[in-house]
Amino acid sequence: RGSRIWWCPTSLFNFLPLHAAGEYRPNGKSLSQQYISSYTPSLTALLRARRSRDRSPPVPFAAIGQNCPAGHSSTLDGVEPELDLVRGLLPPPPTVSFTKITSVDATKSRALRTMQDNTWLHFACHGTQNYEEPFMSAFLMRDQPLSLLDITQMDLCPHEFTFLSACETAVGDFATPDEVIHLAAGLQFAGVKSVVGTLWKVNDSTVQRLVEAFYTKLCGDGKMNSKRAAQALHQAVNSLARDKDMPLDQRIVFMHIG
């Protein structure tokens, strides 16, 4: 108990929240209470993700937010406060060199440059899954979508960690279940060693609580180590699971890849 499990699902198992399996009955135990789960789209991706490098401070960390992208009339009210929350939870300089890209500045080209220049990333925005053209799945920016195709053409091998605070970032296509093509997997294929994504729509209140709990567990001691991401997510999710008023789908929506 307490050890790490890596899931490499195939076919329709790609759509099951395997990390949340358990006895959903009075006094039943769930897998997430007993083991730390991570996913990998392939064994090759996992092997590559394990080749981490020891980096000296400062850690280049960027938080990119977009609360009202092109084509959307509604505003994501929680985006800007989330960026400030992340900054407040990270260790101060010289441990972390922090860059914040607010919604006004978060264009596609600016996001691409920021991704290239920072090895730790946090996205807070709309995410869309394109089932007809999976590589057109995207993070929605102020002017144009930042697509999975754009990301996979980048070399992100030096990148340690990305947190995707967006809906449906780890969902594939039911028509082609053996082809794991979604934003979170695409980031790892491009080289990011550790990714936190979402399986379906996530509520603003869930995001805020999970983000705060996650970064507190990850770097509350003043150290930045991407290898701790899975355990930090595991602890954060379990802390939320104690709230029985939170719907089950919100307690299990986040997953770790890497």
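Predicted model: local features only at pLDDT ≥ 70, side-chain atom pairs only at ≥ 80, totals over all residues.
## Group meeting: rings, a surface patch and salt bridges

Where does phenylalanine 135 sit? It is in the loop between strand 6, residues 127–128, and strand 7, residues 138–140. With Met136 and Leu149 it makes up a nonpolar patch on the surface. Together the three have about 240 Å² of accessible area.

Now the aromatic rings. How many aromatic pairs are there? The count is ten. Take phenylalanine 163 with phenylalanine 214. Their ring centres are 5.3 Å apart, and the planes make an angle of 55°. That pair is classed as tilted. Look at where the two rings come from. Phenylalanine 163 belongs to strand 9, residues 161–165. Phenylalanine 214 belongs to helix 7, residues 204–219. The two are 51 residues apart, so to speak a link between distant parts of the chain. Both phenylalanine 163 and phenylalanine 214 are buried.

Phenylalanine 163 has another ring partner, tyrosine 215. Here the centres are 5.9 Å apart and the planes 35° apart, again a tilted pair. This one also links distant parts of the chain: phenylalanine 163 in strand 9 and tyrosine 215 in helix 7, 52 residues apart. Why do we call phenylalanine 163 buried? Because its relative accessibility is 0%, and the cut-off for buried is under 20%. Tyrosine 215 is buried too, with a relative accessible area of 0%.

Step back to the cluster. Ring pairs join Phe61, Phe98, Trp120, Phe161, Phe163, Phe214, Tyr215 and Phe254.

Arginine 50 places its charged end over the ring of tryptophan 6. The distance to the ring centre is 4.6 Å. UniProt, in an unreviewed entry, places a signal peptide at residues 1–20. In the model, that span is 0% helix and 20% strand. Its end C-alpha atoms lie 15 Å apart.

On to salt bridges. The count is four. I will show some of them. In one, lysine 100 meets aspartate 84, with the closest N and O atoms 2.8 Å apart. Lysine 100 is in strand 4, residues 96–101, and aspartate 84 is in helix 3, residues 79–89, so the bridge ties together parts 16 residues apart in sequence. Are these two buried or partly exposed? Lysine 100 is partly exposed, at 36% relative accessibility. Aspartate 84 is partly exposed as well, at 44%.

Next, aspartate 243 and arginine 209. Their side chains form a salt bridge at 3.0 Å, N to O. Aspartate 243 is in the loop between helix 8, residues 229–241, and helix 9, residues 248–251. Arginine 209 is in helix 7, 34 residues away in the chain. Aspartate 243 is partly exposed at 23%, and arginine 209 is partly exposed at 37%.

Last, arginine 228 and aspartate 221. The closest N and O atoms of this salt bridge are 3.0 Å apart. Arginine 228 has a relative accessible area of 25%, which means partly exposed. Aspartate 221 is at 45%, also partly exposed.

Key:
Residues numbered from 1 in each chain as written. Heavy atoms only, no water. UniProt positions renumbered as here; feature names shortened; annotations may be inferred. Helix = DSSP H or I, 4+ residues; strand = E, 2+ residues; numbered from the N terminus. Phe/Tyr/Trp six-rings, centres within 6.5 Å; stacked < 30°, edge-to-face > 60°. Buried < 20%, exposed > 50% of the residue type's maximum accessible area, 1.4 Å probe, protein only. Lys NZ or Arg CZ within 6 Å of the ring centre and 35° of its normal. Patch = residues over 30% accessible without salt bridge, like charges linked within 9 Å, V, L, I, M, F, W, Y side chains within 5 Å. Areas by Shrake-Rupley, 256 points an atom, 1.4 Å probe, with all protein chains shown as cover.
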